[in-house]
Amino acid sequence: MNEVAARQIVLAARPQGKPKSTDFRLEEGVVSTPGAGQVLLKVLYLSLDPYMRGRMDDRKSYPKPLRLGEVITGETVAQVLISNHPAYADGDIVLAPTGWRTHALSDSALLRKLDPAFAPITTGLGVLGMPGLRPSAVCI
């Protein structure tokens, strides 16, 4: 497998009020085979979080604004299709900041393995992910 067909959603225009479909654009392309230390991911689920709306505006906010043409950012639950990294095997399920795309390469620095035997993998985008595990939500 040298390349995989991939799709991604990018910000096409700054929303004025409620976002419309014309504020986004579907782009098609390819993702190449992972190099040494990389993994190829297939996105299974993606997040849709309130902070994303603020990133669509070009104004000062706590998250950095997206540039026009940039992939909509966000966490995803993904499956490792091909691993060239010793910590990950083909088939592993991970939480990954790929943004809104079907496939992505990762050097694995920001990946976190999810155990489907422990909890449904979708919990990685909720209670066992960024919304549930932020530091202020952790009880000691």
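Colleague: How far does the backbone oxygen of Ala5 lie from a polar atom of the side chain of His103?

Modeller: Start with the general idea: a polar contact is a pair of N or O atoms within 3.5 Å; within protein, one atom must be able to donate a hydrogen and the other to accept it, and residues adjacent in sequence count only if both atoms are side-chain atoms. Here the His103 side chain has a polar atom 3.5 Å from the Ala5 backbone oxygen. The side chain of His103 also makes a polar contact with the side chain of Thr102, at 2.9 Å. One thing to keep in mind: this is a predicted model, where local features need pLDDT of at least 70 and side-chain atom pairs count only at pLDDT 80 or more, while totals for chains, interfaces and linings use all residues. Residues are numbered from 1 along each chain as its sequence is written, and side-chain values use heavy atoms, with hydrogens and water left out.

Colleague: Thanks! Is His103 buried or exposed?

Modeller: We read that from relative accessible area: buried means under 20%, exposed over 50%, and partly exposed in between, using a 1.4 Å probe and protein chains only. His103 counts as buried because its relative accessibility is 13%.

Colleague: Which residues does His103 touch, not counting those up to four places away in sequence?

Modeller: A contact means heavy atoms within 4.5 Å. With residues up to four places away left out, His103 touches Val4, Ala5, Ala6, Val31, Leu41, Lys42 and Leu81.

Colleague: In which strand does His103 lie, and how many helices and strands are there in the protein?

Modeller: Helices (H or I, at least four residues) and strands (E, at least two) are DSSP runs, numbered from the N terminus. His103 sits in β6, residues 103–106. The protein has seven strands and two helices, and from the N terminus on they follow the order β-β-β-α-β-β-β-β-α.

Colleague: How many strands form the open sheet, and in what order?

Modeller: Two strands pair if DSSP finds at least two bridges between them. Five strands form the open sheet, ordered β6-β3-β4-β5-β7, with antiparallel pairing. At the edges are β6 and β7 (112–114), each pairing on one side only. Direction ignored, neighbouring strands in this sheet are turned by 45° against each other on average; the axes behind such angles are lines fitted to C-alpha atoms, for helices over the stretch in contact, and angles run from 0 to 180 degrees between N-to-C directions.

Colleague: How many bridges join β3 to β4, and how many join β4 to β5?

Modeller: β3 (residues 39–46) and β4 share seven bridges, with Leu40 partnered by Ile82 in β4. Between β4 and β5 (residues 93–96) there are four bridges, and Gln79 stands opposite Ile93. As for covering, six of the eight residues of β4 are buried, and across the 140 residues of the protein the buried share is 38%.

Colleague: Where is Asp92 placed, and what lies 2.9 Å from a polar atom of its side chain?

Modeller: Asp92 is in the loop between β4 and β5, and the backbone nitrogen of Ala89 lies 2.9 Å from that side-chain atom. Asp92 is buried because its relative accessible area is 19%. Beyond its neighbours within four places in sequence, Asp92 contacts Ala78, Gln79, Val80, Ala87 and Lys113.

Colleague: And Ala87?

Modeller: Ala87 is in the loop between β4 and β5, and counts as partly exposed because its relative accessibility is 39%. Sequence neighbours within four places aside, Ala87 is in contact with Asp92 and Lys113. Ala87 and Ser108 are 21 residues apart along the chain, with 8.7 Å between their C-alpha atoms.

Colleague: Over the face of which residue does Lys113 lie?

Modeller: A charge sits over a ring if NZ of Lys or CZ of Arg is within 6 Å of the ring centre and within 35 degrees of the ring normal. Lys113 lies over the face of Tyr88, 5.4 Å from the ring centre.

Colleague: Last one: which residues does Leu68 contact, leaving aside its neighbours within four places in sequence?

Modeller: Those are Leu11, Ala12, Ala13 and Arg14. Leu68 itself is in the loop between α1 (51–55) and β4 (76–83).
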